[in-house]
Structures are given as structure tokens and as C-alpha cells.
Amino acid sequence: MEKKRFVKNATPYLFILPWIIGFIVFTAGPLILSMVMSFFDWPITSSPTFRGIGNYVEMFTKDKQFYKSLTITLKYAAIFVPLNMIIALFLAMLITQPVKGVKIYRTIFYIPAVVSGVAISIIWGWILNGNYGVLNYLLSLIGIEGPNWLVDPAWALLAVILASAFGVGTMMLIFYTDIKSIPIDLYEAASLDGASPARQFFSVTLPIITPTILFNLITSLISAFQQLTLVMLLTNGGPLKSTYFYGMFTYNNAFKHHRLGYASANAWVMFIIILFLTAIVFKSSFAWVFYETEAKNGKAKNKKKGGKTL
């Protein structure tokens, strides 16, 4: 009897055992190891030496590139995150319209999201080329002389932001799914009240999709701090390190300068910064995120309160 009970209780864990093993080996294990490595001088070719908090002290007091890379990444995130979300929401609203061939447009808008970062880098390297690039050619048609996007330090960061905003397909589909789930009755009621399409968007659509906006905001913020592939292939951190992102700073410390311990400390600081910014977003969400369950509970309380007063 006891054996049967044990088998019955253990069966669910056997089904999730592959996931548990994968999590320990590929996520939790490397995470713990990187924390340990951050307290060591850990070169690839020789034995590690314990440094205590030496890597963190060096990072904050001696390494000027740490602050420069962090500043560049914060600038990138401040522009990329809202731009990314606005474009994704705009495209999501477009593909919800009853237009002939909307499924084709939906596919076209989503295709960049499934293209590899290497391919996107090659495409945008061609588009943004200062000599024969498509973008500068189009600007010349209206009498504007385009800059050297990837060579000029004043324009390189903007060029990376433009290329990054190309892959908004996944976020667009998330917005699209949430918008399509909004009851049509709400729009009909708003229309009967004389609300214009713009008014319906700001009074009906936007408040209802705020949980999705919160999700996309956090994921977009995280991806902004982890940006590496695109900037490495487009500019390689140049010109004059104007696009030397924090991700590249960490990557080069690990695999170019062979300082795995110092790079682990860089990665953990990035983790703390992302955690801090995410906590701020979550804390502020109480003021602007609308949940349907809360609204229903609020209505129920109001009815109950009203019944008492009658």
C-alpha cells in the first residue's frame, strides 16, 4: 500500500524530471557558478585566484569604461523601449482592421522576428551604408544628404536603434492577441456615446491592454540591456566606442581579455540593475495598470456597500 502511494506521489515529479535536470544543468548551475567566479581572478589559461570583492571594487572605482558602457546602454534603452512599444502597438492596431489581405500584412510584419540576428545585421548594414545604402539613396531623392550612419559617432547609436526596432513582430502579435480579445460591445457602447476612433483607443483599448503593456515593457527593457549580436555585427562597438554597449563590455572582458571572473561580476551588476529597474516598473504599475478582476471585485464591493446603505 505504501509502495503504491509512493509511486502515485512520485509519478508527477518523474514527468517534470527532464525539465528539473535541464534547469539545474543549464540555468541554476551556471548562475551559481558565475556568482562564485565573480569573487575570483579567473583567467582561462591558468588557475583561479580568490579576490573577494576585488572585481567589484575595480569595476566601480578604476574601470571608466564600465560607466561609459552603462551610460550608452541606458541611452539606448531610453529610446529603444518606448519606440519599440509604440511601433509594435501601431502595427497591432493596423492588423486588427477589417482590411482585405490583412493576414498577408500580419505575416510580413512578423517575418523579421524569426530572421536571425546575423541576417538582420547584414540587411541593415546594407541599408545604412553611407556610400551605397538604401536609406541614404531614398533621402537623396528628396534632397537630403544622409550621414554616414555606422561611421559617424553622432549617428551610430541611432542607427543601432533603428535596426533593433526592425524585429517588433513578437511584441506586435502579443498586442494583437490582447486587442482582439476585447469585447466588441465596449466599442459599440463607446460609439453610441459619440466617441471617435481616437477616443475609443485611449478610453477603451489602452486601459484594457495595460497588463500586456506592462509585460512588453519589462521584456523590452531586459532585451535592451542584453543587446549584443546586432551591435557587434553592425558597429563592433564603434566608432570611437559610441556604441560600446554594456553587453559587449561584459562579452569582451570574458572572451577577448580572458577575465572570466571580472566578466561574471559585470554580469551580476547588470542583473542587479535590471532587477532594480523592473522593480520600479512593477511598483509604478499600481497607478496605471488596469486588471479586469480588480474591476469586477470593485463593482461587487460597491454593490454590496450600496445594498447596506439602502
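This is a predicted model: local features need pLDDT of at least 70, side-chain atom pairs count only at pLDDT 80 or more; totals for chains, interfaces and linings use all residues.

Two salt bridges turn up in a search of the whole structure, and the largest nonpolar core holds 54 residues.

**Annotated segments**

- An unreviewed UniProt entry lists residues 12–40, 76–95, 107–127, 154–176, 201–225 and 267–291 under "transmembrane region".
- Residues 76–95 are 100% helix and 0% strand, with 28 Å between the end C-alpha atoms.

**Salt bridges around glutamate 58**

- Arg51, Glu58 and Arg259 are linked in a network of salt bridges.
- In the pair of glutamate 58 and arginine 51, the closest N and O atoms are 3.1 Å apart.
- In the pair of glutamate 58 and arginine 259, the corresponding separation is 3.0 Å.
- Glutamate 58 sits in helix α3 (residues 54–61), while arginine 259 is in the loop between α14 (246–255) and α15 (260–288), so this pair ties together parts that are 201 residues apart in sequence.
- Why does glutamate 58 count as buried? Its relative accessibility is 17%, and the cut-off for buried is under 20%.
- Both arginines are classed as partly exposed: arginine 51 has a relative accessible area of 32%, and arginine 259 has a relative accessibility of 25%.

**Nonpolar cores**

- Which residues have the most contacts inside the largest nonpolar core? They are Met59, Tyr76, Val81, Phe175 and Tyr246.
- Helix α4 (residues 64–95) supplies the largest share of this core, with 13 residues.
- Another core lies apart from the largest one and has 11 residues, among them Leu139, Trp149, Ala159 and Ala163.
- Setting aside neighbours within four places in sequence, methionine 59 is in contact with Phe66, Tyr67, Tyr246, Tyr262, Ala265, Asn266 and Val269.

**Nonpolar surface patch**

- Leu14, Leu17, Trp19, Ile21, Phe23, Ile24, Val25 and Phe26 make a nonpolar surface patch of about 880 Å².
- Helix α2 (residues 17–37) gives the most to this patch, contributing 7 residues.
- Leucine 14, one of the patch residues, is found in helix α1 (residues 2–15).
- Leucine 14 counts as exposed because its relative accessibility is 58%, and the cut-off for exposed is over 50%.

- Is asparagine 266 buried or exposed? Asparagine 266, which is found in helix α15, is buried, with a relative accessible area of 0%.
- Leaving out neighbours within four places in sequence, asparagine 266 is in contact with Met59, Tyr246, Phe249, Thr250 and Asn253.
- Met59 and Tyr246 from that set of contacts are also among the residues with the most contacts inside the largest nonpolar core.
- Alanine 279 has its place in helix α15 too, and counts as partly exposed at 44% relative accessibility.
- The C-alpha atoms of alanine 279 and glutamate 58 are separated by 27 Å, and the two residues are 221 residues apart along the chain.

Technical notes:
Residues are numbered from 1 along each chain as its sequence is written. Side-chain values use heavy atoms; hydrogens and water are left out. UniProt positions are given in the numbering used here, feature names are shortened, and annotations may be inferred rather than shown by experiment. Helices (H or I, at least four residues) and strands (E, at least two) are DSSP runs, numbered from the N terminus. A salt bridge is a side-chain nitrogen of Lys or Arg within 4 Å of a carboxyl oxygen of Asp or Glu. Buried means under 20% relative accessible area, exposed over 50%, partly exposed in between (1.4 Å probe, protein chains only). A nonpolar core is a set of buried Ala, Val, Leu, Ile, Met, Phe, Trp, Tyr and Cys residues joined through side-chain atoms within 4.5 Å. Contact means heavy atoms within 4.5 Å. Patches are made of residues with over 30% relative accessible area and no salt bridge: like charges are joined within 9 Å, nonpolar side chains (Val, Leu, Ile, Met, Phe, Trp, Tyr) within 5 Å. Accessible areas come from the Shrake-Rupley method with a 1.4 Å probe; for residues, only the protein chains shown count as cover.
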